[in-house]
Every structure is written in C-alpha cells, then in structure tokens.
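Morning, everyone. Let me put the model up, and then I'll walk you through a few spots in it.

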Amino acid sequence: MKSACKILSLALALVFCLGCFAACGGTDDKTILIGGSGPLTGANSQYGDAVLKGAQIAVEEINAAGGYAGYTFKLQMIQDDCGAVEAENAYNQLFDLGMKVSIGSVTSGSAKAFATAAKDDGIFCLTPSASADDVIAVGNHSFRVCFGDPQQGVIAADELVTEKGFAKIGVIYDTSDTYSTGLYQAFEERMTELEKVKGTDYVVYTFTSENNTDFTQQVTELKNFGCDAIFLPIYYGEAALIAKSAATHPELKDVPVLGCDGLDGIAGQLDSSVTAEVRYITPFDINSTEANVAAFVAAYRDKYGKDPNQFAADAYDAVKILYEAMKAGEVDPAAAASEICSALAEVLTGGTFKYSGLTGDNMTWTEGGSVEKEAKIVKVQ
Amino acid sequence: MKKIRLKHYINYLILGGALALFVALDLLGALKRSDASLLTQIGYSIILAVSLNLVVGFLGELSLGHAGFMCVGAYVGGVLYNMLIPACGTVAALLIALPVGGVVAAFFGFLIGLPALRLKGDYLAIVTLAFGEIIRTVILNQDFFGGPMGLPSQRFGDRLYILAFALAIVTVFVSQNLRRSKHGRAIQAIRDNEIAARAMGVNVTYYKLVVFAIAAFFAGVAGVLYASSTSLVQSTNFSFNYSIEILVMVVLGGMGSITGSMISAALLTFITVKLTVGLPSELAAIEPLVYALILILAVMWNNAPFLRPLRVKLHDKIAALRDRILPHKEVDGSDAAATAAWDTIPTKIPMDALLSTDFTVDHSFDADRPEKEEK
Amino acid sequence: METLINGLSLGGIYALIALGYTMVYGIAKMLNFAHGDIIMAGAYAIFVVIGLQGNLLLSAAALLVAILLCVTLGILTERVAYRPLRGASPLAVLITAIGVSYLLQSIAQLVFKSEGLPVSTGAASLGSVPFLGTNLKVSSLLTLGLCIIIMTALTLFVDKTRIGRAMLAVSEDRAAASLMGINTNFIITLTFAIGSALAAFAALFYLMQIPVVTPVLGSLPGIKAFTAAVIGGIGSIPGAMLGGILLGVIECFCQSVPEISPYTTAIEFGLLIVILLVRPVGLLGKKRREKV
C-alpha cells in the first residue's frame with residue numbers, strides 16, 4: 001500500500017507539473033477573451049445556461065460582422081454552482097487563460113466573489129444578472145445590466161400600493177437566497193415609507209429553498225390573512241408551486257400575483273388550474289414586436305430550440321454593451337486588461353454613452369455601476 | 001540508538017516534498033494562479049480528511065458533520081478578520097484567527113462528543129449530521145454573519161498554499177503522534193471493543209471527548225484557512241454534502257490510514273476542481289457523472305471481496321517492481337519484525353460494528369490475506 | 001387545525017419514504033442513500049407518462065410504470081453496486097450508495113436538464129371535503145390512508161408470512177439464516193424491490209402535493225425521511241410512520257410562524273438530538289443488549 005501511495009503521489013505531482021506547463025502557451029493573439037462564470041450544472045443551471053447561450057449569440061453576431069478592430073471575441077464560461085469559492089476558482093482559471101474583460105458571474109454571491117477577485121487585477125466586470133447592490137459596490141470596475149434588488153423592490157411596492165391600491169398584501173420570500181432577501185428588504189423599506197404596517201397591511205411568510213419544497217402551510221397562512229394580492233420576490237420554480245397551491249383555495253383562486261424578474265419563465269410551469277393574474281417586473285418581453293427583440297428570439301429559438309428568458313437577453317446585452325463601449329472609447333484590444341477596464345468604466349459613466357438593446361432603450365450607468373433603464377410589468381398569458 | 005525508519009516519516013516526506021516542489025515552481029514563475037489556489041484547497045482538504053480520520057478511523061465513530069466544524073472555523077475567521085485587520089494588520093489577524101477558530105470549533109466538537117457517550121453507530125452519525133445542519137441554518141439566518149450573501153472575508157493572496165501545507169504537516173504530526181502514543185492505543189482499543197476497553201480501565205468518556213475535540217479543532221483551522229482564501233464565506237458551502245465529500249476522502253484513502261487520507265484528499269480535490277474549471281461549458285453537465293463513477297469504481301476496487309485476488313496480484317507486482325528498482329532496501333529480519341509488531345497495533349477496524357448495532361461478519365477464518373494488506 | 005392537517009399530509013409523504021429506508025436498513029443493514037433518488041426516478045417516470053394533461057386514471061397507470069421502473073432500478077443497483085460489496089465494510093457500502101445517488105441525479109440531469117418540469121397529477125380534481133370548518137384535500141386523505149394501509153400490510157407481511165419471517169431471520173443474523181437454508185441474497189433483493197415499490201408510491205404522492213419534478217427532488221425529502229426513520233427508531237415499521245408524521249407536523253407548525261420559519265431545519269434536527277439523547281434507539285426502536 002505504501003508503494004501504491006508513493007506512486008500515486010508521484011503521479012499527482014507529475015500531473016500538476018504537466019498541467020502547469022502545458023497550458024502556458026497563451027491565447028491566440030487575435031482574440032479577445034470574455035470570461036464569465038455561472039451555474040452551468042446543478043440545481044440552478046437554467047440560469048447559467050441561459051446566460052451562456054444568450055452571450056454566445058451576441059459573440060457570434062459580433063464576429064460575423066467582422067469583430068472589433070481586427071480581433072474576434074471568444075466567450076468562455078466556467079461552472080461555479082452559485083458558490084463564492086467556485087467563482088474564484090473560475091476566475092483564476094480564466095485569468096490564467098488570458099481573460100481581457102468579463103461578464104462577471106450570474107448569481108449575486110458568486111458575482112461578488114468574482115468581482116472582488118477581479119478588482120486587484122483590474123478586469124472589467126459587467127454582470128448580466130447579479131442584482132444585489134453588494135456586487136457593484138465592490139469597486140468601480142463592476143457594473144450590471146439588470147435592475148438592482150432595491151430598484152425592483154420599490155417598483156413592486158409602488159405598483160401594489162400606489163397604482164393598484166391593494167389593502168392586504170401577502171408576501172412569501174426565501175430567507176436563504178440573496179436575491180430574494182434583497183428584494184424583500186427593499187420592499188419592506190418602501191412599505192414603511194408608504195406608512196404601511198407589517199401585520200395589518202401586509203404579512204410576510206418565509207421558506208428556505210434548500211430545505212422546503214412544500215408551500216402548503218405558507219399559502220394557508222396567506223389565505224387566513226385574507227390577502228387581496230400576493231407578492232413573490234422569488235424565482236419562478238417556487239413561485240409556480242405557490243401559485244398552484246393558492247389555486248386550490250377558493251379564497252385565493254383569483255388573487256393576483258406580482259413578482260420580480262426572477263419570475264421570468266413561470267409561464268411554462270403553470271397549468272390550467274391557475275386562473276389568477278400573474279405579472280412580473282422585467283426589462284425584457286419575449287412577445288415584444290420590436291425588431292431587435294424579435295430577431296434575437298428567432299435566432300435563439302433557431303439555435304437552441306427553446307425560448308430565451310430575461311437572463312439570456314441580459315447576457316446578450318452585456319456582450320453587446322462591452323462591444324459598443326469598446327467602440328465608443330476606441331479601446332485598444334491589445335492593451336492590458338486593467339487599461340481596457342478603466343477605459344470601459346470611463347465610457348459607461350462618461351454621460352454620453354447610451355445603449356439600446358433587448359432589455360431597454362437608452363440605458364445609462366451611474367458612477368456606482370447601476371443601470372438606469374425603464375421597467376416593464378409583463379403579464380403571463 | 002533508535003533506528004530511523006522511513007515508514008514513520010513518509011507522510012512528512014510526501015507533504016514536504018510536494019511543498020518544496022511547488023515553492024520551487026512558484027519561484028520559477030511556473031505556478032499559475034489557478035494552481036496556487038487549487039493547492040490551498042488541497043491543503044485544507046488534507047487537514048479535513050486527516051482530522052476526520054481521527055474520528056472515523058481511530059475512534060471508530062461515523063461523523064457526518066465535519067463540515068459543520070469547518071463552518072464554525074470559517075465564520076470565526078471571517079469575523080475576526082473584519083474586526084482585527086483594521087486594528088492590527090493582516091498577519092497578526094491571521095495568527096490570532098487560526099488558534100481562535102480552532103478552539104471555538106473544538107468547543108463545539110466537545111459538545112458533539114457528549115451525545116457520543118450515549119449513542120453509537122448510525123444514531124451518532126445522524127446526530128453529527130443534524131449538528132452540522134443546525135450550525136449552518138442558525139448562521140445563515142443571522143445578519144451578523146452576513147445572511148445568505150455570506151460574510152466578507154480577507155483573501156491572503158496566492159502564497160497561502162504554503163501556510164496550508166505547513167498546517168497540513170502539523171495536522172499529520174499531531175495525528176500520527178497521537179496514534180503512536182499510549183493514548184492512541186487506548187483510542188484504538190475503544191474502537192476495537194469498547195466494553196473490553198472499559199473493562200481494562202480505559203477512560204472511554206475522556207478519550208471520546210478528546211478525539212472529537214481534536215478533530216474539530218483541526219476542522220476549525222481548515223475553516224480559518226478557507227476564510228483566508230476567499231472573499232466571501234458562504235454557509236451553503238458547508239452543507240451535508242461537503243461532510244460526505246470529506247468522509248469519501250477518508251474512506252477512499254483507507255480508513256485509519258493517514259497517508260491514504262492525505263493522498264485521496266489531494267486527488268479528489270484535484271479531480272473536483274479540475275473537472276469543474278477544466279471542462280468546456282458544453283461538457284460541464286457530465287462533471288457530476290464522472291465524479292459519481294469514479295467514486296463507485298474506486299470503492300469497488302478497494303473493497304469488493306470478489307476483486308481481492310486481483311488486488312493481491314497487483315500489490316505483489318508493485319512490490320516486485322519496487323524491489324527491482326530499490327534492491328538494497330533494508331528488509332532485514334529485525335526491521336521486518338519491528339514493522340510487523342507495529343502493524344499489529346492498528347488492527348483491522350470492526351467496520352461492521354460501526355454502522356450496524358448487531359450484525360458482524362467474521363472474516364477471521366478467511367483463507368485470504370488479512371484486511372490490513374490491501375488498504 | 002389546518003396546520004395540523006397540512007402537517008399530517010406532509011408527514012404522510014415523509015412516512016412513506018421513511019418506510020422504504022427502514023425496510024432496507026432493517027434487513028440489509030445499510031443506509032440506502034439512493035432511496036431518495038429512486039423516488040426521483042419514479043417521479044420522472046410519472047412525468048413521462050402523464051405530463052401536463054394528467055387525470056386520475058392516467059396517474060394510476062403512471063404509478064404502475066413508476067413501480068416497474070423503481071423496482072427494476074432498485075434491484076439493479078442492489079445487484080450491481082451493493083451485492084459485490086457484501087461482506088465489505090458498511091462504510092464502503094454507504095459511500096457506494098452515495099455514489100449511486102449522485103449517479104442517478106446526474107443521469108437525470110443529463111436527460112431531463114435541471115429545470116423543474118411541471119406535472120399535473122389530477123389531484124386537484126379530487127377536490128376537498130369540508131371538515132370542522134376547514135377544507136380537507138382528498139389527496140391528503142388518500143396519502144395518509146394509503147400510508148396506514150401500507151404500514152399494516154408490511155407489518156403483517158413481515159410477521160405472518162414465510163418470506164416475511166425469513167426476512168426477520170436475515171435481519172437478526174444473516175450467517176445463521178443462511179445456515180438455516182434461507183436464500184439471503186434473494187431476501188435482500190426482495191427487500192430492495194419492496195423498498196423501491198414504496199418509493200414509487202412516495203413519488204406519486206409527492207407529486208400530488210408538490211407538482212414539479214427536478215433531478216434533486218429526492219435528496220431533501222430523503223434526508224428528512226431518514227431523520228424521521230431515526231426518530232421513530234430505525235428498523236421499526238410503525239416507528240417510521242410515527243417519525244414521519246411527527247416531522248411533517250412540526251415542519252408545518254414552524255412555518256406558520258414567520259419568525260421561527262427560517263429555523264425549521266434547526267428545530268427538526270434539534271428535536272432529533274433531544275429524542276436520541278432521551279431514548280438512544282429512537283421512539284419505537286428496540287433496545288439490544290450489548291455483548292462483548
């Protein structure tokens with residue numbers, strides 16, 4: 001056994017050395033490597049997968065149109081399973097591969113870790129979908145394409161209270177998820193500003209996505225509260241289960257549901273039993289008649305055989321924004337990553353740069369890295 | 001004069017040699033950043049596996065909550081970094097965090113050791129599992145610990161792997177010396193037959209608590225290392241699955257074998273990380289499949305009774321090969337006798353007793369080689 | 001009251017899964033970690049058969065298909081993964097079971113992707129009956145009723161039939177049982193088959209309550225049911241039932257209070273520790289005398 005161990009350890013060391021030297025070749029001179037990480041496998045892989053596919057379409061479009069300044073774009077996304085350490089591993093790997101710019105990571109926790117790691121090297125991060133403010137607060141190299149959690153929480157509260165005038169709102173959110181807690185906290189703050197009292201004007205029940213799959217109890221509590229609207233700042237899988245569970249109660253059958261951009265994709269999860277109106281805040285409407293959206297949706301369906309969601313659209317926009325900003329700032333693709341980074345940050349916050357894409361027209365960015373664009377509230381058909 | 005025997009130093013040689021090799025590569029500039037961070041992860045995986053081996057291999061109790069202790073260490077480390085770094089700088093913070101994280105985790109290890117006095121086998125296993133999950137759930141819901149986003153921590157650059165390997169050597173040192181001391185023999189006596197050990201006057205209570213506390217201490221140290229290697233300590237990392245992964249390292253390495261734990265920890269971490277970052281995104285989906293297959297096949301190869309002749313054959317071949325390469329290896333009688341005497345102390349583990357309360361398969365009449373040989 | 005009913009119907013599902021765990025543990029003396037994933041496989045089978053246009057008749061047909069698949073899968077894993085390791089250390093078997101669990105999950109993910117697939121079992125069409133001022137879902141009643149029937153049938157089977165007693169014998173002492181002319185391999189395979197058939201039932205009732213299939217569907221209820229089995233005393237059939245229902249009720253009571261809800265898991269596991277400290281073999285477990 002001892003000898004087996006020795007041989008194994010030797011083999012390990014050897015593999016290491018080979019690994020060290022084999023990949024030292026460097027990247028092709030005429031490509032710009034866009035890095036990113038996301039949940040490509042596992043429980044949340046639909047999000048990472050959508051980002052990868054959306055971004056890939058943008059890269060192919062850019063390359064087909066001749067690339068940028070004689071360079072072609074290359075996208076490399078690495079699995080991070082929504083974890084911080086995994087995102088850092090992915091970052092290190094991409095760094096070693098010669099990444100020039102990045103689309104950060106897909107989910108908030110890993111995007112924060114990714115952006116923190118990128119800060120010291122000065123690698124630009126433009127996350128398509130990580131909505132927590134912590135992500136862009138890491139540094140002035142970190143930007144996002146999607147709405148932030150606070151923005152959406154406020155929009156939701158205003159919509160439910162000011163616009164529609166609901167008097168009793170039931171909320172169910174996920175305490176184990178950054179996105180969900182971020183949305184809920186912003187919502188609660190806004191409700192306090194609107195002088196609404198927790199317990200009488202609205203009630204809150206929680207679950208943890210890693211420990212709950214059954215929402216019967218929470219829905220029963222909402223029914224007992226007698227709410228006339230339900231706010232679900234969560235992802236669509238759980239939201240669909242809650243909506244279906246609510247549909248089994250006569251009292252909740254027709255109570256409208258409002259969600260945030262995480263609800264994108266819920267349409268495929270609902271069945272005929274759900275008759276209530278389900279709406280969500282999103283910058284991207286798949287049924288939009290605008291030419292660029294229709295073209296993207298067609299290309300996505302054609303290539304992957306399914307409908308794009310908001311993650312895919314955000315990722316497409318992220319790559320396009322990188323491209324447009326490079327053009328606007330006349331960035332030299334051969335320059336060091338940190339120079340590209342500061343040039344891009346200057347362009348985005350410069351005040352003159354505006355981008356119109358799938359997820360909004362005339363997007364601009366604040367110094368903090370947050371995007372300014374218009375929100376739509378989409379109704380699920 | 002006491003003879004220096006390679007067998008007692010092989011673990012240090014492997015770890016020290018690997019460390020020297022990588023430092024040399026690093027100085028030559030050939031160590032890439034992804035490799036350096038992988039090495040740190042391998043370092044703390046080794047600490048985790050070797051310390052869990054104390055509980056599972058030496059004491060003979062199944063623990064499914066090792067990641068819970070690591071979680072304690074990691075959060076203590078993160079909190080201390082946030083408090084201490086502004087006051088006294090990073091190095092001092094690290095030096096304070098390592099022992100404090102370990103001691104806090106050891107305290108929890110002591111707590112978990114208490115039910116171990118009353119429970120055995122599966123029941124204890126599920127209590128350790130429950131403990132790990134309780135710790136994680138409580139931490140997840142405290143805003144003080146950063147909630148679901150995680151606790152911001154301090155990253156200590158690319159050279160952290162040197163510290164990780166140094167601490168791994170310390171862990172191996174403690175573990176190996178504990179095993180060779182009179183205390184170690186008492187612990188193994190408890191493992192082999194608790195009632196008999198008690199009858200011989202071994203203080204079972206004391207030793208069980210000590211082993212749980214020591215193992216938890218090192219898991220806590222590994223946790224602090226973890227906190228030093230990442231910018232965000234997230235409780236999701238320390239789930240039940242991670243405890244299982246550590247257990248897998250120990251079992252694949254051969255329960256009770258420190259060298260085995262070390263090597264399988266290094267290999268498994270290497271495989272997991274390399275599969276994750278190395279596979280192109282289209283193939284990322286097969287990563288868990290490959291991992292599962294490796295796991296099943298490795299366990300089969302190591303343990304399946306029907307493969308035993310094959311293993312023996314391979315073992316003999318390797319031995320023959322070794323003798324050909326190193327013909328002058330001192331295999332004189334006295335040494336062999338000493339080795340044999342040494343080997344009889346850590347006898348075979350009554351693993352059946354570990355998981356089942358009553359059912360034991362007795363292999364003592366097997367005409368085959370004794371278990372020890374193939375581990 | 002409503003909380004209690006919700007808890008009972010959730011607990012019924014846990015109890016069904018726990019029965020599977022406890023059967024296999026009691027006789028084969030191994031923790032079948034892949035049990036939850038066999039449920040997952042059964043759920044996918046049901047999904048493939050009924051999809052979105054489910055009604056009750058179709059669900060019954062789907063259950064048959066699921067039983068067939070689960071039993072095949074159960075026997076297959078037992079033959080391929082566990083039997084070669086018979087006589088090896090239980091820990092090795094435990095790790096293999098974990099490996100099998102990962103394997104089943106990753107295969108499901110490759111085939112069906114990780115996104116949840118909605119299923120309509122037609123459970124909603126059963127409607128609900130008014131009961132003490134609340135509405136009682138018929139599907140919940142069905143789950144509980146079936147759970148009790150299965151439990152009674154299993155107890156009778158084990159106690160009264162020849163094969164059942166052979167199972168008991170194998171459970172008591174495998175070596176002695178085989179000396180008495182019992183085909184232990186057959187008995188263990190049969191145990192796995194029964195456990196897997198229970199998993200198929202659990203899959204259907206799980207989908208009636210939670211109508212979505214994912215590759216990780218089985219792991220969480222698996223762990224909870226395992227906890228339930230230990231609370232009740234692992235190896236004990238009524239214990240599994242009791243533990244499962246207890247856990248379901250506690251879970252629903254915790255979730256009805258927003259302040260406590262995030263700590264549900266901690267409370268469940270805390271209860272487990274307390275129960276084990278008071279009664280080290282679980283609520284209904286049998287004490288065994290330790291011998292040297």
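This is a predicted model: local features need pLDDT of at least 70, side-chain atom pairs count only at pLDDT 80 or more; totals for chains, interfaces and linings use all residues.

Let's start with Glu330(A), which is exposed, having 9 other C-beta atoms within 10 Å. Residues are numbered from 1 along each chain as its sequence is written, while chains are lettered from A and ligands numbered from 1 in the order in which they are written.

Back to Glu330(A): its phi is near 50°, a positive value in a residue other than glycine. You'll find Glu330(A) in the loop between helix H11 (310-329) and helix H12 (337-349) of chain A. Helices (H or I, at least four residues) and strands (E, at least two) are DSSP runs here, numbered from the N terminus.

Now look at Cys82(A), which has a positive phi too, about 65°, and isn't a glycine. Cys82(A) sits in the loop between strand S2 (72-79) and helix H3 (84-97) of chain A. Is Cys82(A) buried or exposed? Buried, because it has 26 C-beta neighbours inside 10 Å.

Zooming out, chain A has 12 helices and 14 strands. Of its 381 residues, 59% count as buried. Along the principal axes, the C-alpha atoms of chain A fill a box of roughly 65 × 65 × 40 Å.

On to chains B and C. Their contact takes 46 residues from chain B and 43 residues from chain C, where two residues are in contact if their C-beta atoms, placed from the backbone, lie within 7 Å. On the chain B side, the elements giving two or more residues are helix H5 (121-140), helix H8 (194-199), helix H10 (240-253), helix H12 (287-303) and helix H15 (351-355). Which of them gives the most? That's H12(B), with 10 residues.

One last stop, H5(B). This helix has 20 residues and reaches 29 Å from its first C-alpha to its last, close to the 28 Å expected at 1.5 Å a residue; the expected span is 1.5 Å times one less than the number of residues. Of those 20 residues, 18 are buried, so H5(B) is largely enclosed by the rest of the structure.

Notes: A residue is buried if 20 or more other C-beta atoms lie within 10 Å of its own, exposed if 12 or fewer, and partly exposed in between; C-beta atoms are placed from the backbone.
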